[in-house]
Amino acid sequence: MKAIINGRLLLPNMEGDFRVMEDMALLYDERIERIIDMDEVEAEAGIDEVHDAHGLFVSPGFINVHVHGACGWDVMDAAEEALPAIGRYLARTGVVSWLATTMTAGEDAVHAAFERARSAMRMTPEGARILGVHMEGPFISKAYKGAQAEEAIVRADYDWIESFEDVVRIVTLAPEELDGKYTFIDRCRDAGILVSIGHSSADYGTALEVIEKHGVTHITHCFNAMSGLHQRHPGIVGAALDTKVNCELIADNIHVDPAAQRILYHAKEGRNIILVTDSMRAAGMGSGVFELGGQEVTVRGTRAELADGTLAGSVLAMNEAVRNFARTTRAPIERVVEMVTRTPAEELGIYEETGSLEEEKRADLTLFDD
């Protein structure tokens, strides 16, 4: 058994809200064994390794539900080394588990990515473990395609995912393209697959209908590639702010202005926000020319864009997202950490296994400084 001492532990209180606790030690092997007072460690039998955190925060491991790639690799790449390499990179940024996120492409290419993710889910991970797939497209709107390939956009068809219900965890779609017939969403919900609104021109009423009547719980990269907030046309952003739907946020201060991040934080009262990176293969690689979904992407510093200036994913790392959002909103660190641990874990239905520091949960841990 191992022990972590002298850390600032982010522990849930009776209501489940995280708080910073000092003078506590965490005992663990594959799972968290116990959390005890520091003065009890010397008397504890069975500890064979002691790690001194030297004042670092000790957090549940981060969960990233929107990752296209990193370190030169993409989820759509056929090479066997792609997913393990991305997982190793993610672990260095505090991420212990992630959703491999596909691009808008033909059915064969998407299914091949699903198969590779399925295989990776069965293997012992070399870094962050794959929880499944976030299917971002091709069931989206051409009007808000962003960096997705327009020629591959199609109408939602459950046949695409019926054989992969064990793999697909989130499907991003444009509900207005369903013409008021939401059987696809209902089938996803019945299969335990989350449906997210994204790359969509839906109006407020349509967004509200699928959230309140059809169990949509998720907004893909809120503010980006969707109908915005207008005083007479509240759009998807209005529905996101007006309900308890979970909102992804790319907190790189490029995709969303810091003021809009603060508005989201206050409107949601610090809840139902999930920080994501939406990172593409250039993450961790520096400036240069890269590829995303068959399109050329130029990265300059922290900005990735197509030739026409359209933002093309990000090069953001999750530790940077946590830092940026904490500084931008001045939210307490324990609240921000919930956005990359508890909130995604609860939505994915895995909170009994991971997402907080509690006895018998997986010892998925991330340590970081101020």
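**Exercise 1.** Which residues touch the most other members of the largest nonpolar core?

*Solution.* Keep in mind that this is a predicted model. Start with the size: the largest nonpolar core has 105 residues. Now zoom in on Phe325: leaving out residues up to four places away in sequence, Phe325 touches Leu249, Ala251, Gln261, Tyr265, Ile273, Leu275, Arg330, Val336 and Met339. As a bit of background, nonpolar side chains tend to be buried together in soluble globular proteins.

**Exercise 2.** Find His218 and work out whether it is buried or exposed.

*Solution.* First, go to strand β15, residues 218–219, where His218 lies. Next, check its relative accessible area: the value is 0%. Buried means under 20%, so His218 counts as buried. Finally, look for polar partners: the His218 side chain has a polar contact of 2.8 Å with the side chain of Glu248, and one of 2.8 Å with the side chain of Glu347. Beyond four places in sequence, the contacts of His218 also include Val65, Ile170 and Ser196.

**Exercise 3.** Describe how helix α4 meets helix α5.

*Solution.* Locate α4 at residues 204–213 and α5 at residues 235–242. Their axes come within 7 Å and cross at roughly 40°, which means α4 is oblique to α5. The crossing is right-handed. For the residues involved, Tyr204, Ala207, Leu208 and Ile211 of α4 meet Gly235, Ile236, Gly238, Ala239 and Asp242 of α5.

Terms used
Residues numbered from 1 in each chain as written. Predicted model: local features only at pLDDT ≥ 70, side-chain atom pairs only at ≥ 80, totals over all residues. Heavy atoms only, no water. Helix = DSSP H or I, 4+ residues; strand = E, 2+ residues; numbered from the N terminus. Buried < 20%, exposed > 50% of the residue type's maximum accessible area, 1.4 Å probe, protein only. Polar contact = N/O pair within 3.5 Å; in protein donor to acceptor, adjacent residues only side chain to side chain. Contact = heavy atoms within 4.5 Å. Core = buried A, V, L, I, M, F, W, Y, C linked by side-chain atoms within 4.5 Å. Axes fitted to C-alpha atoms, helices over the stretch in contact; angles between N-to-C directions. Parallel < 35°, antiparallel > 145°, perpendicular 65-115°, else oblique. Left-handed = near helix turned anticlockwise from the far one by under 90°.
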